[in-house]
Amino acid sequence: MKREEALKIVKEQLTDHRYQHTLGVMETAIALAKQYGADEKNAELAAIFHDYAKFRPQDEMRQIILSQKFPQDLLEYHAELWHAPAGAYLVEKEAGILDKEILDAIRYHTSGRPGMTLLEKVIYLADYIEPGRHFPGVDEVRALAKQDLDTALIQAVKNTIQFLMKKNHPVYPESFQTYNDLVMED
Ligand code: DGI
Ligand code: FE
Ligand code: FE
Ligand code: FE
């Protein structure tokens, strides 16, 4: 699918702010793909579609998770986690994206997972450091991303978990497992 067609499809699903975020993730993901040798076209499409389900009703996302045998423990955790797996499902059904690598990059863009693929890492990190992001610590991760993908990713995952813990929010186990897997990888 061409970039223009994909952008047109997601634009209808998103607020203007979220669409601008998506454009930032797209540019960042393509740059990271170039730098680290991931497929640039897949990075472009995964980035464009990564937040496709962000504004779907919670009931719809819950039904998708229940009916598709996705990890059911997602439903016990914050609903913000649901748009990633629900998005992978809807992007396949509604936008006709069939590439499993792209769908998995969408599926795991919020929690990560142990054994992330190169494309999954690129999308997770691009989502975190795109130019529209302004949270504390993001500049450090941007700098790390210039040097080493995994080091940057560890910092991004760690910041996310710490942010949630500071607010006494529950952390989805897969997010912790992603962190453990990355720091034990090498
Ligand atoms: O959709 P975005 O805002 O671009 O970013 P995202 O999909 O990476 O994250 C969405 C939200 O999910 C963000 O506010 C942080 C939250 N989140 C990420 N990991 C976890 C989480 N929330 C809980 N409860 N547990 C997690 O492990
Ligand atoms: Fe997201
Ligand atoms: Fe993210
Ligand atoms: Fe995003």
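**The metal site and its surroundings**

Tutor: Three residues coordinate the iron ion (ligand 2) at 2.1 Å: D51 through OD, H83 through NE2 and H109 through NE2. Keep in mind that this is a predicted model. Along the sequence, the donor residues of this iron ion follow the spacing D-x31-H-x25-H. The iron ion (ligand 2) and the iron ion (ligand 3) are separated by 5.6 Å.

Look next at where the two histidines sit. H83 belongs to helix 5. H109 lies in the loop between helix 6 (100-107) and helix 7 (118-129). The pair therefore ties together parts that are 26 residues apart in sequence.

Are these histidines buried or exposed? The cut-off for buried is a relative accessible area under 20%. H83 has 5% relative accessibility, so H83 counts as buried. H109 has a relative accessible area of 2%, so H109 is buried as well.

Now move on to ligand 1. H109 takes us there: one of its polar side-chain atoms lies 3.0 Å from an oxygen atom of ligand 1. With P170 the contact runs through the backbone: a polar backbone atom of P170 is 3.1 Å from a nitrogen atom of ligand 1. On its own, ligand 1 exposes 560 Å², and the protein buries 84% of that area. In total, 18 residues surround ligand 1. The closest are R18, K54, T110, R133 and S175.

Y77 sits in the loop between helix 4 (58-67) and helix 5 (83-95). Y172 sits in the loop between helix 9 (149-166) and helix 10 (173-185). The pair links distant parts of the chain, 95 residues apart. Y172 is buried, at 5% relative accessible area. Y77 is partly exposed, at 23%.

K11 lies over the face of Y19, 5.0 Å from the ring centre.

Conventions
Residues are numbered from 1 along each chain as its sequence is written. Chains are lettered from A and ligands numbered from 1 in the order in which they are written. This is a predicted model: local features need pLDDT of at least 70, side-chain atom pairs count only at pLDDT 80 or more; totals for chains, interfaces and linings use all residues. Side-chain values use heavy atoms; hydrogens and water are left out. Helices (H or I, at least four residues) and strands (E, at least two) are DSSP runs, numbered from the N terminus. Buried means under 20% relative accessible area, exposed over 50%, partly exposed in between (1.4 Å probe, protein chains only). A charge sits over a ring if NZ of Lys or CZ of Arg is within 6 Å of the ring centre and within 35 degrees of the ring normal. Donors are N, O and S atoms within 2.8 Å of the metal (3.2 Å for Na, K and Ca); water is not among the atoms, so sites may look incomplete. A residue is near a molecule or strand if one of its heavy atoms lies within 4 Å of it. A polar contact is a pair of N or O atoms within 3.5 Å; within protein, one must be able to donate a hydrogen and the other to accept it, and residues adjacent in sequence count only if both atoms are side-chain atoms. Accessible areas come from the Shrake-Rupley method with a 1.4 Å probe; for residues, only the protein chains shown count as cover.
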